[in-house]
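Please read the following model with its sheet and its aromatic rings in mind.

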Amino acid sequence: MYTKQDFFLITPDQSLESLFKELLEERGNIHTFNRGRSAIDRILQTPPSLIILDILVSDISYLEMIKLIKGENVYLQIPLILCLEKDIPQELMDIPAMDLDIDDLILRPINKKEAIIRTQITILKASKFLDANPLTKLPGNTTIIQKIQTLIDAKRDFALGYVDLDFFKSFNDKYGFSRGDEVLMMTARIIVNTVKDICGTQGFVGHIGGDDFVFTSPIEKAERICKEIIKSFDEIIPYFYDPQDKKQGFIISKNRQGKTERFPLMAISIGVVFNIEGNLKHYGEASQLAVNLKRLAKSSPKSSYILDRRIPKNYE
Amino acid sequence: MKDLIDERRGKILSVKDLPTLPPVLEEITKMIEDEHSTPKQIAEIISKDQVLSAKVLKMVNSPIYGFPRRINTIQHALVLLGFNVIRGIIISTSVFDVMTQSMVGLWEHSLACATTSKIIAEQTGLKDPEEFAVTGLLHDIGKVVVALQLPEEKQEIDKLVKNEDILYFNAEKKVLGFSHDRVNAWLAEHWNLPLNIKEGLTYHHNPRFAEFHPEFANVVHIADFICRVLELGSGGDSQLPLLQKKAILALGINFKKLANIMDKVLEDIIEIITFIPK
């Protein structure tokens, strides 16, 4: 079924507004915002299929708007086209390629045919955001492997954390998959926000699948990240249970043998390995070590983390 | 009348931009721009403003994030939304063009009711008092939305209260065909707020109808009454709503406990009334 898409155009320029109205009218509903700030609220609440952002928007910096939208796992898949004046400003050129999070750009004076095609391609590309986890929209395995291998190859010092949930299966068995998905979305938000809060752009979070997540961070920040994730998770998880189960602190569900058993509320386990002076050689080795540590952390029914013991003194 | 109510309901639910009071927004904007502010400080100040709290809870419980109706404290919302999104909510919030005395009164009353709800929850041994504070804070949010979306009707309500010296609640019924408790129910449903908050907002005038979380309706009902008695802020009229004895009994509040609660409220009052500069 063909449904009309919502396009958000953020520009103080009336000629740009009428131009895009003419170009895109048949393809979707165009909502124009003359001010950046008024667009933000709408974007956060009803994410559109495409954002066209004019560099001339003046009440808030366009770079800040891009950062706000593209910095969030739930919004980063919205394609964004930046509309520039005749030339590309130097500040844009100075941003490292990896950090310039826009999907395309269009220069003034606008060539109509070009604008139509670019818009279409951008929307299409966004729909092919294949590697992202379909639930959390976090980067999936291809990106994770690439990211970690790149860090290893560059002999960068970093911490690699593997995260998973204890008793997630019994929760899923009792409450069903959609309730399980709620927990995964919540867990993703906690990990993303904690890593971002503590190490800004120096961190990375990926979703391997199911209840398995990874993050990378600077070595000295890893322990604080673990502690904060655990604290937030333990505080919030009871609210994902029905009131009675929350109150009694356990659920009755079936174990792997099909027998009825009591299960505690979910907990979170984290294993962290460090790459120091290039001691790790490839992704497989790093992930195996981290998974083993995570397993060790899992032997406790409470939330816990275990750090690689090979951490050198100057990092402590 | 039914069509008219439906039409008004539609107008109410289409509320897009919920403004707050200028000094409140100024203070919080200062705070988010200060690098040294901690998430805890930000949560504390958001917890003092009914509109910002409503917006934050609406956002974190929206289906976009994937766990609707689960989150009922600002502290948790902050962890899950992150600083970036909170900042987005704050910078996109506008202020009332005119800060009327009645609006200021409503803000003060809501904040006082939040504090009082929390104190009642603590004194009666209820778990998670923070959740009661949020419910108390939002208990009159329906009045704010009606004032915004149905300004003419709001004027009529005010006129009626003044001329006939009746309860705001009853004036709303006469003018609109429903009161703010109905509006609260619609908003709570529309915004995917958790069930305990929803019941507290919906039944704070009639706690006996609360089905799943009567303690929330009971606490806010009593808190509302105490704030009216102590004249903390203003609910829009100079009347006392009826206090339901059952609510008091259900929470096991006796004279001694009631005295303790009132003492504690009066102790915390300075903090309440100095938050909103006039």
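Q: On what basis are the values given?
A: This is a predicted model, in which local features need pLDDT of at least 70, side-chain atom pairs count only at pLDDT 80 or more, and totals for chains, interfaces and linings use all residues. Residues are numbered from 1 along each chain as its sequence is written, chains are lettered from A and ligands numbered from 1 in the order in which they are written, and side-chain values use heavy atoms, without hydrogens and water.

Q: What is the strand order of the open sheet in chain A?
A: Strands of a sheet pair through backbone hydrogen bonds, either parallel or antiparallel. Here five strands of chain A, paired in parallel, follow the order β2-β1-β3-β4-β5; strands are DSSP runs (E, at least two residues), and pairing requires at least two bridges. β2 (28-33) and β5 (104-107) of chain A are the edges, because each has a single partner strand.

Q: How are the rings of Y75(A) and Y65(B) arranged?
A: Rings of Phe, Tyr and Trp (its six-membered ring) pair if their centres lie within 6.5 Å; planes under 30 degrees apart are stacked, over 60 edge-to-face and the rest tilted. The rings of Y75(A) and Y65(B) are edge-to-face, with centres 6.2 Å apart and planes at 85°.

Q: Which arrangement do F132(B) and F216(B) show?
A: The rings of F132(B) and F216(B) are stacked, their centres being 3.9 Å apart and their planes at 5°.

Technical notes
Helix = DSSP H or I, 4+ residues; strand = E, 2+ residues; numbered from the N terminus.
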